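This report describes one protein model, starting with its sheet and moving on to the helices, the core and the ligand shell. The sequence and structure are shown here for reference.

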Amino acid sequence: MQKDKFDKVLSALGRPAYQAERVAIYNMDCIEAMKKLPDSLVDLTITSPPYNIGKEYEDIVDLKKYVEWCRSWIAQIHRITKSDGSFWLNVGYLKVEGKGLAVPISYLLWDKTDFFLLQEIVWNYAAGVACRTRFSPRNEKILWYVKNEGSYIFNLDEVRDPNVKYPNQKKNGKLKCNPLGKNPSDVWQIAKVTSGQNRSSKERTAHPAQFPTEMVDRVIKSGSNKGDLIVDPFMGSGSTAISAIENERFVVGFEINKQYIDIISKRIERHLMDRKMSNAQESLLLE
Ligand SMILES: C[S@@+](CC[C@H](N)C(=O)[O-])C[C@H]1O[C@@H](n2cnc3c(N)ncnc32)[C@H](O)[C@@H]1O
């Protein structure tokens, strides 16, 4: 049943630049690609777009133009999302000339959509630039949108935090805390993907703006079910694909830059190979 949805994407868009079991990555502009997809197909979209801050993959444009562009791809995500589906938007900060040095992009985008904003999650990390004239920035946001405020997926037990201070505390003879752990709250402490000698993250690729798979894992596990279709319109280094594969979902990604497609393909191939080897080792141990 869920494979039908994946097949519909393949028949709408043709041969991907990279394909593996349950994975299709297209070297396309995401708006053009999504326009070709049918309505109400996707279970969950997670993405982090260009922030209009002059990274190597973007040219800074006028703020109005940037917001309008965001509005247009978010509208496509809304159209292709199922009625109980969700959209998770990771954004940081940008400069607004004469107005603000680090304005949260969420302030500019949060209501430029027909999605219902369910929650803003703070992603807090330890690494980053050390400032002298203001506080050192240590967070980005994840806006959790749903298509239908009365019907959406939230698998809390899949993402409970086992780090509980008093796990055996009881009230009226009953354990106070769920034995699987506590609700991880709307502040997520997850390490950034770092680079540099002796401090580079294990998952680091050559892409300059990679989000950690641990963050994507939490989104995908809580917001979708096994076999669901996940989309990332700005695939970058392929973090969403790696998490989708690990969590047994189908995944479709768009990436406009051919060089990044190479990074994604190699990263997925390596990941599939590692998975195969560790599965083989596991079955040897069981024999
Ligand atoms: C912030 S990065 C995404 C990083 C990604 N989350 C990761 O973990 O690697 C944004 C990406 O969007 C790509 N991009 C920019 N405009 C695009 C468009 N119109 N369609 C598809 N991809 C685009 C850029 O090349 C860049 O790789």
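## Strand β8 and its partners

Strand β7 (residues 116-124) pairs with β8 over eight bridges, in the antiparallel sense. In this pairing, Phe 116 has Val 146 of β8 as its bridge partner. The model is a predicted one.

Strand β4 (residues 81-91) also runs antiparallel to β8, and six bridges join the two. Here Val 91 is the bridge partner of Lys 141 in β8. Strand β8 covers residues 139-146, and six of these eight residues are buried, so the strand is largely enclosed by the rest of the structure.

## The sheet as a whole

Both pairings belong to an open sheet of nine strands, in the order β1-β2-β13-β12-β3-β4-β8-β7-β11, with mixed pairing. The edges are formed by β1 (18-20) and β11 (187-189); each has a single partner strand, so one side of each is left without a neighbour in the sheet. From one strand to the next, the twist averages 15°.

Helix α3 (residues 63-80) lies across β3 (42-47) and β4, and its direction is at about 150° to β4. Helix α5 (residues 213-223) packs on the sheet, where it touches β3, β4, β7, β11 and β12 (229-232). The direction of α5 makes about 160° with that of β3.

## Helix α6

Helix α6 (residues 239-246) is mostly covered, with seven of its eight residues buried. The buried residues are Ser 239, Thr 240, Ala 241, Ile 242, Ser 243, Ala 244 and Ile 245. They pack against β2, β3, α5, β12, β13 and α7 (258-286). After α6 comes Glu 248, which has a positive phi, near 60°.

The largest nonpolar core has 54 residues. Those with the most contacts inside this core are Ile 25, Ile 230, Ala 241 and Ile 264. Leaving out residues up to four places away in sequence, Ala 241 touches Val 23, Ile 25, Met 235, Val 251, Gly 253, Ile 264 and Ile 268.

Gly 253, one of the residues touched by Ala 241, lies in strand β13 (residues 250-254). Is Gly 253 buried or exposed? Gly 253 counts as buried because it has 30 C-beta neighbours inside 10 Å, and the cut-off for a buried residue is 20 or more. Apart from neighbours within four places in sequence, Gly 253 is in contact with Ile 25, Asp 232, Met 235, Thr 240 and Ala 241. Between Gly 253 and Val 146 there are 20 Å in space, C-alpha to C-alpha, and the two are 107 residues apart in sequence.

## Around the ligand

There are 20 residues around the ligand, and Tyr 57, Phe 234, Gly 236, Ser 237 and Ser 239 come nearest. One of these five, Ser 239, is also among the buried residues of α6. By class, the shell around the ligand consists of eleven nonpolar, seven polar and two charged residues.

Terms used:
Residues numbered from 1 in each chain as written. Predicted model: local features only at pLDDT ≥ 70, side-chain atom pairs only at ≥ 80, totals over all residues. Helix = DSSP H or I, 4+ residues; strand = E, 2+ residues; numbered from the N terminus. Buried ≥ 20, exposed ≤ 12 C-beta atoms within 10 Å, placed from the backbone. Contact = placed C-beta atoms within 7 Å. Pairing = 2+ DSSP bridges. Near = placed C-beta within 6 Å. Nonpolar A, V, L, I, M, F, W, Y, C, P; charged D, E, K, R; others polar. Axes fitted to C-alpha atoms, helices over the stretch in contact; angles between N-to-C directions. Core = buried A, V, L, I, M, F, W, Y, C linked by C-beta atoms within 7 Å.
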